[in-house]
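Visitor: I have a chain on the screen and some questions about how it is put together. Please take me through it.

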Amino acid sequence: MSSSYGRYNSQSYAPSAPELPPPSNHTPPNHNYTQTSPPSSNYNNNYPHGYSYGGQVSSSGYPPPSSYVSSSSGYSDFPPGTNPDVIRSFQMVDRDRSGFIDDRELQQALSSSFHNFNLRTIRLLIFLFKHPQESLRIGPKEFTELWSCLGHWRGIFERYDKDRSGKIDPLELRDALYGIGYAVPASVLQLLLSKYSDGSSRRVELGFDSFVECGMIIKGLTDKFKVKDKRYSGSATLSYDEFMSMVLPFLVSYD
């Protein structure tokens, strides 16, 4: 099996966002997208109200280090130093105090704190972050990792939403993926974007939740492919079972 996935490094990540790269003037290859107007360079406070993640994330998308304090929540599985706002968000939706939250509860936690996530994205995130032996639910540790992951993706989203519309268009998506190390071919990008089309001729634009879903699909599949591509050559040999196990989790409808 062969793939031309541009450039990736050899670092292994848990389910997360790639590191936000430093600003760069390097332009990715033209994949037949045209930009109708120059991107805005104004990054100062032009986002709609409520776009800071739980009120605790800086303009870079990362929580300020000073905001992390030790947990006294009574939940033993939160990592030491977990942001109290993260703990409170978990506790508010874990009404039965089971120590786990399901898809609806996670949707409520994320949507009330930050952004209206659709259930399809929520269920994909739970699948990617949950313990392998668990059903579709996550505990404090996984919730904390997911929260941090979304903070990283927020930084990427803000950097590449050049017109500050709160949406990512096809050109911005291409640039964002290229900027974090994924030179996605135009045909693959168009196929991915078709998932979010409403069937009209209007240009697809992604909200933050759909952007995260796209990014996690591209990153997740690339990371799995890298495991088989030992030499980072862009080619790998997979059995049928390995291929199906790799791809199907990202194709299953979580609606």
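Guide: Contact here means heavy atoms within 4.5 Å. The model is predicted.

Visitor: Among contacts between residues at least 6 apart in sequence, what share joins residues at least 24 apart?

Guide: The count takes in contacts in the chain between residues at least 6 apart in sequence. Of these, the share that joins residues at least 24 apart is 68%.

Visitor: How far apart are the end C-alpha atoms of helix 4, and what span should its 21 residues have?

Guide: Helix 4 is mostly covered, with 18 of its 21 residues buried. At 1.5 Å a residue, helix 4 should span 30 Å, which agrees with its end C-alpha atoms being apart by 31 Å.

Visitor: Are helix 1 and helix 4 roughly parallel, roughly antiparallel, roughly perpendicular or oblique to each other?

Guide: Val86, Ser89 and Phe90 in helix 1 meet Pro140, Phe143, Thr144 and Trp147 in helix 4. The two helices pack with their axes 10 Å apart, at an angle of about 125°. Angles of 65 to 115 degrees count as roughly perpendicular and those over 145 as roughly antiparallel. The angle of helix 1 to helix 4 is therefore oblique.

Conventions
Residues are numbered from 1 along each chain as its sequence is written. This is a predicted model: local features need pLDDT of at least 70, side-chain atom pairs count only at pLDDT 80 or more; totals for chains, interfaces and linings use all residues. Side-chain values use heavy atoms; hydrogens and water are left out. Helices (H or I, at least four residues) and strands (E, at least two) are DSSP runs, numbered from the N terminus. The expected span of a helix is 1.5 Å times one less than its number of residues. Buried means under 20% relative accessible area, exposed over 50%, partly exposed in between (1.4 Å probe, protein chains only). Axes are lines fitted to C-alpha atoms, for helices over the stretch in contact, and angles run from 0 to 180 degrees between N-to-C directions. Angles under 35 degrees count as roughly parallel, over 145 as roughly antiparallel, 65 to 115 as roughly perpendicular and the rest as oblique.
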